[in-house]
Amino acid sequence: MDKSSLVLYKNQIAVINEKEGEKYLIKFCTQPATASGKKAVYTEQKVREKDIIPFHQGPASLEAVLAYSDDSLPSKIQETYELLMSDEQTATQKISLEELSEYALGKFSAEESWAFYNAVCSSVYFVIQNEELKNGEIYFLPRTNEQIEEINKKNYEKEHEEEIKKEFIARLKSKKLKLPDDSRFMGEVEAFALCKTDKSKILSEAGFSQSIEKAHKLLIDTGIWDITKNPYPTRLGFSFDSAKEQLGPMPEEERIEIKGIAYAIDSEHSTDPDDAVAFDGEYLWVHIADPASAVLPDSKIDEVARGRGTTLYIPEGTSRMLCESCLEDYALGLKEISRALSFRIKLDSESQIEECQVMKTIIKVKRMTYVQAEEQKESPDLKPLFEIARKNKARREANGAVVIQMPEVDICVDKETKKVTIEPELRLESNDMIAELMILAGEGAAKFAFKNSIPFMYISQESPDFPSKIPEGWAGQFAMVKCMRKRSVGITPASHAALGLSFYSQVTSPLRRYGDLISHQQLRAFIDGRRLLNKDEMLERVAAGDAASLAARKVSRQSELHWKLVYLLQNPEKTYEAFCIDKRGNDALFLIPALDMQTTIKNCADLALNDKRILQMKNVDITVQSVDFVFVV
């Protein structure tokens with residue numbers, strides 16, 4: 001670059017005054033002249049060659065370059081663009097500033113170069129190539145017709161913003177939007193309906209009330225949302241995605257190898273088996289997944305898990321408390337060898353726990369569905385487990401345990417069609433067997449922690465106050481549900497009357513419940529002789545994890561009801577058996593077992609508890625989660 005040649009310096013034009021060794025002395029304008037008479041201000045500065053981009057070889061006068069203007073440049077640039085686009089080869093090739101000027105002006109003069117450059121940059125027809133610019137070269141690429149149309153559209157919308165907004169508001173009031181164009185305005189309404197903002201200016205301007213339910217309805221009425229849109233996880237701050245923080249492979253540490261096969265028995269849809277059971281003739285073994293081997297208290301993974309509280313299971317998918325990838329290493333039975341935190345329990349003839357030991361183990365696990373376990377419950381390996389479970393259930397019931405069996409359903413949502421299916425949950429003795437053995441593990445862990453003075457998470461529940469006479473059938477089950485007390489979670493042991501136990505904790509799902517995870521952290525710290533979390537630290541974590549878990553359960557309930565209502569809308573002609581389970585004056589509360597749903601119908605003074613009727617859906621308001629049923633005559 002020679003003296004008096006033009007260069008770009010920080011995207012402004014400059015002229016080289018001198019070359020001084022490895023540096024250039026350049027001159028550029030820091031304050032343009034103004035119409036009020038203020039003169040332009042120029043500055044000289046030494047710069048390195050890598051800080052400037054060659055622009056024109058000159059010679060040039062910076063004052064003349066900056067003063068030059070030509071109103072015909074935009075039209076000449078458009079003509080040049082049309083010429084280049086008429087040839088398939090030049091339509092897709094980058095072109096230098098000098099070549100472009102030769103096409104448009106028949107020359108590339110220093111005086112015109114800066115004005116021409118700015119005109120090209122501000123036109124819609126060419127885009128500067130940033131990668132080449134970084135390498136000290138100025139090239140442009142012709143934009144496609146589609147790109148130009150999009151830019152012109154955005155420019156028009158910017159220029160006519162107020163007018164376009166008024167037209168949109170008018171369409172919104174009549175709920176007749178022009179989609180997809182109007183979708184961009186409705187993003188604010190969506191954010192409000194998802195509780196991401198606390199108000200919506202657009203709703204106000206259109207005359208709608210500031211209600212998330214009204215916003216939800218408006219989004220459905222205008223076609224922005226389909227009825228299948230489930231807003232509840234987002235509204236309560238839950239992600240549809242699993243945790244991202246990686247656990248990595250399970251740490252290498254000393255473990256006891258347990259002989260024989262343990263059985264991980266779960267539903268056929270389960271992808272995260274976290275418990276396995278076995279009986280060796282003397283001890284009941286309950287093996288549990290061991291993520292606490294990698295998740296340390298107050299680590300980033302621990303904090304994220306605490307914030308989630310639990311794995312969120314909703315009909316459209318699973319949002320895991322721990323990362324999806326950890327299942328391969330930490331779930332039981334997905335590999336030939338599994339590593340676990342195991343509870344070795346010795347029982348007396350009445351299924352009372354005589355001894356519980358906790359140890360880090362290596363096990364072999366065979367996965368099995370509930371149906372398969374049911375078919376093999378008389379086999380040598382499984383029969384003892386069923387017998388232990390039966391005895392334990394009898395023991396608990398003798399201690400006042402409450403057994404309530406309300407209907408449960410499985411809700412499935414097709415990811416592509418969003419079609420919903422609802423089926424009664426299959427309940428087998430094998431389900432109850434696993435539930436009983438998990439209860440034994442929770443009881444054993446609680447007793448182990450208490451015996452060894454380990455600050456621990458205990459779960460308790462006060463005795464229900466049942467009426468002297470409980471009806472038969474569904475009405476009786478519902479009457480018992482109404483009398484149940486809320487469970488309590490804390491660090492002080494107390495009886496769990498509903499389970500018929502004097503001690504109880506949950507330790508069998510550390511992959512999906514934060515309370516179980518911190519209990520495992522404490523048990524492992526005790527086994528290893530490391531520092532235990534004290535009572536205050538435990539109480540803080542237990543409270544935070546339980547609060548998040550309760551919020552997750554609320555999301556789960558709302559999501560399940562949402563999809564049940566979608567199912568009703570997708571199947572408006574279906575009818576359902578319903579049973580009267582409670583009377584409230586002249587009104588009757590009905591249970592619909594096939595949907596696991598309750599509904600109130602007025603003016604039913606002549607009905608008795610457990611009377612059966614056939615119901616059909618009449619109205620559904622998915623935005624407020626309400627449904628009306630009527631009798632089918």
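**View 1. Phe-631 is partly exposed, with a relative accessible area of 33%.** The model shown here and in the following views is a predicted one. Phe-590, by contrast, has a relative accessible area of 0% and is therefore buried.

**View 2. Aromatic pairs number 12 in this model.** One of them joins Tyr-9 and Phe-28 in a tilted arrangement, with 5.4 Å from centre to centre and 45 degrees between the planes. This pair links distant parts of the chain, since Tyr-9 belongs to strand 1 (residues 6-9) and Phe-28 to strand 3 (residues 23-31), 19 residues apart. Tyr-9 counts as buried because its relative accessibility is 6%. Phe-28 is likewise buried, at a relative accessible area of 6%. Phe-590 and Phe-631 form an edge-to-face pair, in which the centres are 5.7 Å apart and the planes make an angle of 75 degrees. Phe-590 lies in strand 21 (residues 587-592) and Phe-631 in strand 24 (residues 626-631), so this pair ties together parts that are 41 residues apart in sequence.

**View 3. A cluster of aromatic residues is formed by Phe-55, Trp-114, Tyr-117 and Phe-140.** Ring pairs provide the links between these residues.

**View 4. Arg-320 is a buried residue in a loop.** The loop runs between strand 13 (317-319) and helix 14 (327-330). Arg-320 counts as buried because its relative accessibility is 5%, whereas the limit for this class is under 20%. The side chain of Arg-320 makes a polar contact of 2.8 Å with that of Thr-271. Leaving aside residues up to four places away in sequence, Arg-320 touches Ser-242, Ala-243, Thr-271, Asp-272, Arg-308, Thr-311, Tyr-313 and Leu-327.

**View 5. Ser-549 is located in helix 20 (residues 535-570).** Its relative accessible area of 10% means that Ser-549 is buried. With residues up to four places away in sequence not counted, Ser-549 touches Arg-308, Gly-309 and Thr-310. Arg-308 is also among the residues touched by Arg-320.

View 6. Most peptide bonds are trans. Pro-59 belongs to the loop between strand 5 (52-56) and helix 1 (62-67). Pro-180 is situated in the loop between helix 8 (161-173) and helix 9 (183-193).

**View 7. Asp-596 and Asn-603 have positive phi values.** Most residues other than glycine have a negative phi. Phi of Asp-596 is near 50 degrees, and this residue lies in the loop between strand 21 and strand 22 (597-601). Asp-596 is partly exposed, its relative accessible area being 30%. Phi of Asn-603 is near 60 degrees. Asn-603 occupies the loop between strand 22 and strand 23 (612-621), and its relative accessible area of 67% means that it is exposed.

Definitions and conventions:
Residues are numbered from 1 along each chain as its sequence is written. This is a predicted model: local features need pLDDT of at least 70, side-chain atom pairs count only at pLDDT 80 or more; totals for chains, interfaces and linings use all residues. Side-chain values use heavy atoms; hydrogens and water are left out. Helices (H or I, at least four residues) and strands (E, at least two) are DSSP runs, numbered from the N terminus. Buried means under 20% relative accessible area, exposed over 50%, partly exposed in between (1.4 Å probe, protein chains only). A polar contact is a pair of N or O atoms within 3.5 Å; within protein, one must be able to donate a hydrogen and the other to accept it, and residues adjacent in sequence count only if both atoms are side-chain atoms. Contact means heavy atoms within 4.5 Å. Rings of Phe, Tyr and Trp (its six-membered ring) pair if their centres lie within 6.5 Å; planes under 30 degrees apart count as stacked, over 60 as edge-to-face and the rest as tilted.
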